[in-house]
Amino acid sequence: MPFPMLYRLKVKLLKTPRGNLLWRRWSGRRGLDVGSYDRLPEYVRRYAPGRSFCDVGCMWGVNGEYAFIAEEAGATAVKGIDVFGPTPEFEEKRRARQSRVEFILGDVSRRETLERTGQVDVVLCAGVLYHHPSPFDLLVALRQLCRETLILRTSTIPEVDGLPNAAVFYPMLPEKHRRLWNLSSLGLRQQVGISGPFDPQQGYGNWFWGLTPSCVRSLLAAAGFEVQGEATEAFAQTFVCRAVARPFDHALPSEGDARALAAEISRAGVARPA
């Protein structure tokens with residue numbers, strides 16, 4: 001049986017409620033930490049006390065709930081960032097709780113948003129990475145934001161045996177190929193760009209990337225994070241990471257340095273069209 005067919009069968013099996021449940025039980029017996037979306041409050045309560053905290057992507061479907069949990073857990077200062085909102089539900093909760101959670105309307109991958117937010121100790125980013133057309137740039141921005149701990153939860157695809165760091169780019173896939181990644185059987189009601197065609201007007205609402213867990217780990221390492229804990233699911237992964245290195249940055253040289261570098265490359269003869 002051809003390799004792609006075996007992988008398709010694996011994905012289709014994991015998409016069934018029974019197959020997914022069996023996979024979770026089997027993974028637990030193997031000693032893996034089996035994850036769940038419902039565990040996010042547990043992570044927030046563990047890492048937020050006594051630390052400054054920011055939830056990146058804090059509105060969609062949760063109305064700032066994790067920011068409020070961090071505040072209740074004893075975070076010293078709490079911010080939430082999103083590209084839309086604040087929602088009426090968020091505003092009502094903030095009034096009712098007399099909360100000091102600060103909402104920032106902005107795109108965290110843009111410098112002006114990072115400058116407005118400043119650095120914080122703990123960053124939560126859940127349900128965002130696969131919606132970004134450039135996930136590495138997003139992780140670099142999170143590293144610039146984060147001083148200590150990143151809690152990252154993201155949709156993933158199953159590993160491809162023998163092909164670590166594999167990924168699927170969803171936009172422009174034909175409908176018959178998108179169908180493999182439709183997770184409505186597991187309760188996802190809408191996946192823009194998968195359950196329907198890519199919609200440029202939806203912006204970040206589209207699903208851009210299906211990343212394998214190994215691919216996310218490598219992206220995190222390249223962006224300056226060390227994975228210290230991981231909870232696994234068939235189609236999602238939660239990573240707890242420590243900020244360990246400078247964020248990736250490519251600084252443009254000065255005019256003089258640029259000319260000197262160009263001359264050195266020319267002398268060495270190493271520049272060849274790829």
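## The sheet and its pairing

Strand β2 (residues 77-82) pairs with β3 in the parallel sense over 4 bridges; strands here are DSSP runs of E of at least two residues, and helices are runs of H or I of at least four, numbered from the N terminus. Two strands pair if DSSP finds at least two bridges between them. Within these strands, D82 stands opposite L105 in β3. This is a predicted model, in which local features need pLDDT of at least 70 and side-chain atom pairs count only at pLDDT 80 or more, while totals for chains, interfaces and linings use all residues. Residues are numbered from 1 along each chain as its sequence is written, and side-chain values use heavy atoms, with hydrogens and water left out.

The two strands belong to an open sheet of 7 strands with mixed pairing, in the order β3-β2-β1-β4-β5-β9-β8. At the edges stand β3 (102-105) and β8 (225-232); each has a single partner strand, so one side of each lacks a neighbour in the sheet. Neighbouring strands are turned against each other by 20° on average, direction ignored. Helix α4 (residues 65-73) packs on this sheet and touches β1 (52-56), β2 and β4 (120-126). The direction of α4 makes about 170° with that of β1 (axes are lines fitted to C-alpha atoms, for helices over the stretch in contact, and angles run from 0 to 180 degrees between N-to-C directions).

## The nonpolar cores

A nonpolar core is a set of buried Ala, Val, Leu, Ile, Met, Phe, Trp, Tyr and Cys residues joined through side-chain atoms within 4.5 Å. Buried means under 20% relative accessible area, exposed over 50%, and partly exposed in between, with a 1.4 Å probe and protein chains only. The largest core has 30 residues, and V56, L142, L150, L152, L220 and F225 have the most contacts inside it. Elements giving two or more residues to this core are β1, β4, α7 (135-145), β5 (146-155), α9 (213-223) and β9 (236-243). Helix α7 gives the most, with 6 residues.

Leaving aside neighbours within four places in sequence, L142 is in contact (heavy atoms within 4.5 Å) with V56, V108, V123, C125, L150 and F225. A second, separate core of 24 residues includes A48, C58, F90 and L124.

## The cysteines

A disulfide is a covalent bond between the sulfur atoms of two cysteines. Under the rule used here, a pair of cysteine sulfur atoms within 2.5 Å, the count is 0 disulfides.

The sulfur of C58 lies 7.6 Å from the closest cysteine sulfur, in C54, which is too far for a bond. C58 counts as buried because its relative accessibility is 1%. C241 is in no disulfide, and its nearest cysteine sulfur, that of C146, is 8.6 Å away. With 0% relative accessibility, C241 also counts as buried.
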